[in-house]
Amino acid sequence: MEIKIGIQNVNREIVLESEQTADEVAEIVAKAMNGGAELRLADSKGRHVIVPSNVLGYVEIGAEESRRVGFGAL
């Protein structure tokens, strides 16, 4: 699933692919926004993204979609 993180006063957004479900990501974001010190997420390649919660602008959680295989995916 694709996750986009917008940071206040920064033009570019952070985009990462995660193997977590949308509910898991939403729970992590909610904890960070409600008194947490930072937002910590791991992408599908094992890298970690840490963003201070006081500078979060938005978090866009993409839809869970399985990848299609074959010529019908075009």
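Asp43 is buried, at a relative accessible area of 13%; buried means under 20%, exposed over 50% and partly exposed in between, with a 1.4 Å probe and protein chains only. Before I go on: this is a predicted model, where local features need pLDDT of at least 70, side-chain atom pairs count only at pLDDT 80 or more, and totals for chains, interfaces and linings use all residues. Residues are numbered from 1 along each chain as its sequence is written, and side-chain values use heavy atoms, leaving out hydrogens and water.

Where does Asp43 lie? In the loop between strand E3 (38-42) and strand E4 (48-52); strands are DSSP runs of E, at least two residues, and helices runs of H or I, at least four, numbered from the N terminus. Its side chain reaches the backbone nitrogen of Gly46 at 3.1 Å. A polar atom of that Asp43 side chain also lies 2.7 Å from the backbone nitrogen of Arg47. Leaving aside residues up to four places away in sequence, Asp43 touches Leu16, Glu17 and Ser18, where contact means heavy atoms within 4.5 Å.

Now the sheet. 3 strands form an open, antiparallel sheet in the order E2-E1-E5; two strands pair if DSSP finds at least two bridges between them. Strand E2 (14-17) and strand E5 (56-61) are at the edges with a single partner strand each, so one side of each has no neighbour in the sheet. Strand E1 (residues 2-7) pairs with E5 over 5 bridges, in the antiparallel sense. Ile5 stands opposite Val59 in E5.

Definitions and conventions: Polar contact = N/O pair within 3.5 Å; in protein donor to acceptor, adjacent residues only side chain to side chain.
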